[in-house]
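Notebook open. I want to look up a few residues and pairings here and write down what I find.

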Amino acid sequence: MFDADVASRGLGIELVDAGDGTSRARMRVTAAMVNGHGIGHGGYVFLLADTAFALACNSHGPPTVAAGGEISFLRPVRAGDVLTATATERVRHGRNGIYDVTVRRGDEVVAEFRGRSRTLGQGVVPPG
């Protein structure tokens, strides 16, 4: 799935590892990702967390998509920062799942994300 993720790869997001409901993804904040306050735009931090979430919830095999997600920004990030998002499955029941993602700069937590997933039904295959 990650090989076909043009958006994430286009931003330089790297897959560190993924498997059995977990994943880690990494991204360097570039000057193009900085907002008018001189800090990293939250949308890019969200995208990194969402990518780790997608990798974790798709690690079981069947195509799975986001049903929703929310993020809390705890510390600002700046151009040059390397961020690592670690996703962990909290629960999976039927076609639904809940995943937590922690985004860190080194050992410092900069954001917390919670995503809700939905596994697609039989015969439903995303385009591509």
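I started with Thr51: buried or exposed? Thr51 counts as buried because its relative accessibility is 5% (buried is under 20% relative accessible area, exposed over 50%, partly exposed in between, with a 1.4 Å probe and protein chains only). Thr51 sits in helix α2 (helices are DSSP runs of H or I with at least four residues, strands runs of E with at least two, numbered from the N terminus). I then listed contacts, meaning heavy atoms within 4.5 Å. Leaving aside neighbours within four places in sequence, Thr51 touches Phe2, Asp5, Ser8 and Ile13.

A note on the source: this is a predicted model, with local features needing pLDDT of at least 70 and side-chain atom pairs counted only at pLDDT 80 or more, while totals for chains, interfaces and linings use all residues. Residues are numbered from 1 along each chain as its sequence is written, and side-chain values use heavy atoms, with hydrogens and water left out.

Next, rings. I searched the whole structure and found three aromatic pairs (Phe, Tyr and Trp rings, the six-membered one for Trp, with centres within 6.5 Å; planes under 30 degrees apart are stacked, over 60 edge-to-face, the rest tilted). Phe46 and Phe113 pair edge-to-face, at 5.1 Å centre to centre and 75° between the planes. Phe46 lies in helix α2 and Phe113 in strand β6, so this pair ties together parts 67 residues apart in sequence. Phe46 is partly exposed at 30%; Phe113 is buried at 2%. Ring pairs link Phe46, Phe53, Tyr99 and Phe113 into a cluster.

Last, Gly61. I place Gly61 in the loop between α2 and β3. Gly61 counts as exposed, at 53% relative accessibility.
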